[in-house]
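Hi everyone, thanks for coming. Please have a look at the chain on the screen, and I'll walk you through it.

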Amino acid sequence: MDKTQSTSYIKHFTSYLSTRQTSKSVLYICNMIFSSTLLENAVNEFAKLPGIGKKTALRLVLHLLKKNVEDVANFSEAIVKMREEINFCTRCHNISDKQSCNICADRARRQHMICVVESIRDVIAIESTQQYNGLYHVLGGIISPLDGIGPDQLQIDSLIKRVDDENTEELIFALSPNIQGDTTIFYISKKIKKQPIKITTIARGIAFGGELEYADEMTLARSISNRIPVENYVGNKL
Ligand SMILES: [Zn+2]
């Protein structure tokens, strides 16, 4: 085999391999072949969950297959019961088993302080810190015109009404530090501008354990302009 023939052979073989690899991976990703329609249906349902791909869905379903029927029945019953019976607190829109959530029902909490958050996950995150002892208001998102989310689609009117009805003294915004979050804070603040109320946002700055040189300019600038006295640095429980 001369040099020209050899080069041509290598090119041809490389091309063949890449074609084979591509078709194999496409087949693997798109066409998961099932021997059971029941199994396939279950995998497809799991794969609809956020962050769950087909491979993970299959692993979860096969795990359930190893369990006894009673365990799987308890699993599915818990999910159906949760979906059918769960409520949203009529006061703060947090998830609740009753009309009023445990946080709103707790009279030991500061009733005139409301922390405004985007979602129920934020309530869980803040509660996990055990540093906040007021109430919450779950907006259900933030104003984002590009995503078609306007003030009317959020629990903003009920917040304004709450501030009036409950004689709120402080509103703490704990929203995402981005344009949409700032827009939401600005919109709500304007709406309640005439109220004698203290409006604050959670501090934004360098993450604990982070290094200054890796912080972006906006974060660093906000950290400097929103500096706090050292005596307040070590957490005072609200
Ligand atoms: Zn509540």
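**The central strands**

When I say strand, I mean a DSSP run of E with at least two residues, and a helix is a run of H or I with at least four, both numbered from the N terminus. Strands count as paired if DSSP finds at least two bridges between them.

Before I go further, a word on what you're looking at. This is a predicted model, in which local features need pLDDT of at least 70 and side-chain atom pairs count only at pLDDT 80 or more, while totals for chains, interfaces and linings use all residues. Residues are numbered from 1 along each chain as its sequence is written.

Back to the strands. β3 and β4 are joined by 4 bridges and run parallel. On to β5: β3 pairs with β5 over 5 bridges, again in the parallel sense, and Met113 has Glu170 in β5 as its bridge partner. Glu170 also has a bridge partner in β6, namely Lys198. β5 and β6 run parallel and are joined by 4 bridges.

So what order do the strands take in the open sheet? The order is β4-β3-β5-β6, 4 strands with parallel pairing. β4 and β6 (198–201) are the edge strands, each pairing on one side only. From one strand to the next, the twist averages 25° (axes are lines fitted to C-alpha atoms, and angles run from 0 to 180 degrees between N-to-C directions).

How do we get from β3 to β4? Together with helix α6 (residues 120–129), these strands make a right-handed β-α-β unit. Right-handed here means that, with the strands pointing away from the viewer, the path from the first strand over the helix to the second runs clockwise.

**The core**

Is β3 mostly covered or mostly open? It is mostly covered, with 4 of its 5 residues buried. A residue is buried if 20 or more other C-beta atoms lie within 10 Å of its own, exposed if 12 or fewer, and partly exposed in between, with C-beta atoms placed from the backbone. Across the 238 residues of the chain, 13% count as buried.

The largest nonpolar core has 23 residues, and Cys115, Val116, Val117, Tyr136 and Leu139 touch the most other members. At least two residues of this core come from each of β3 (113–117), β4 (135–138), α7 (157–165) and β5 (170–174). β3 gives the largest share, 4 residues. A nonpolar core, by the way, is a set of buried Ala, Val, Leu, Ile, Met, Phe, Trp, Tyr and Cys residues joined through C-beta atoms within 7 Å. In soluble globular proteins, nonpolar side chains tend to be buried together.

Now click on Cys115. Leaving out residues up to four places away in sequence, Cys115 touches Ile126, Tyr132, Gly134, Tyr136, Ile172 and Ala174. A contact means that the C-beta atoms, placed from the backbone, lie within 7 Å.

**Two loops to look at**

Which residue in the loop between β1 (87–88) and β2 (95–96) deserves a click? I'd pick His93, which lies in that loop. Phi of His93 is near 70°, a positive value in a residue other than glycine. His93 counts as buried because it has 22 C-beta neighbours inside 10 Å.

Asn167 sits in the loop between α7 and β5. Asn167 also has a positive phi, about 55°, although it is not a glycine. This residue counts as exposed because it has 12 C-beta neighbours inside 10 Å.

Finally, confidence. pLDDT is the predictor's confidence in each residue, from 0 to 100. The chain averages 85, and 84% of the residues score at least 70. Where would I be careful? Over residues 20–29, pLDDT stays under 50, and the model has 0 contacts there beyond four places in sequence. Where pLDDT is low, the predicted coordinates should not be read in detail.

That's my tour, and I'm happy to take questions.

Definitions and conventions:
Contact = placed C-beta atoms within 7 Å.
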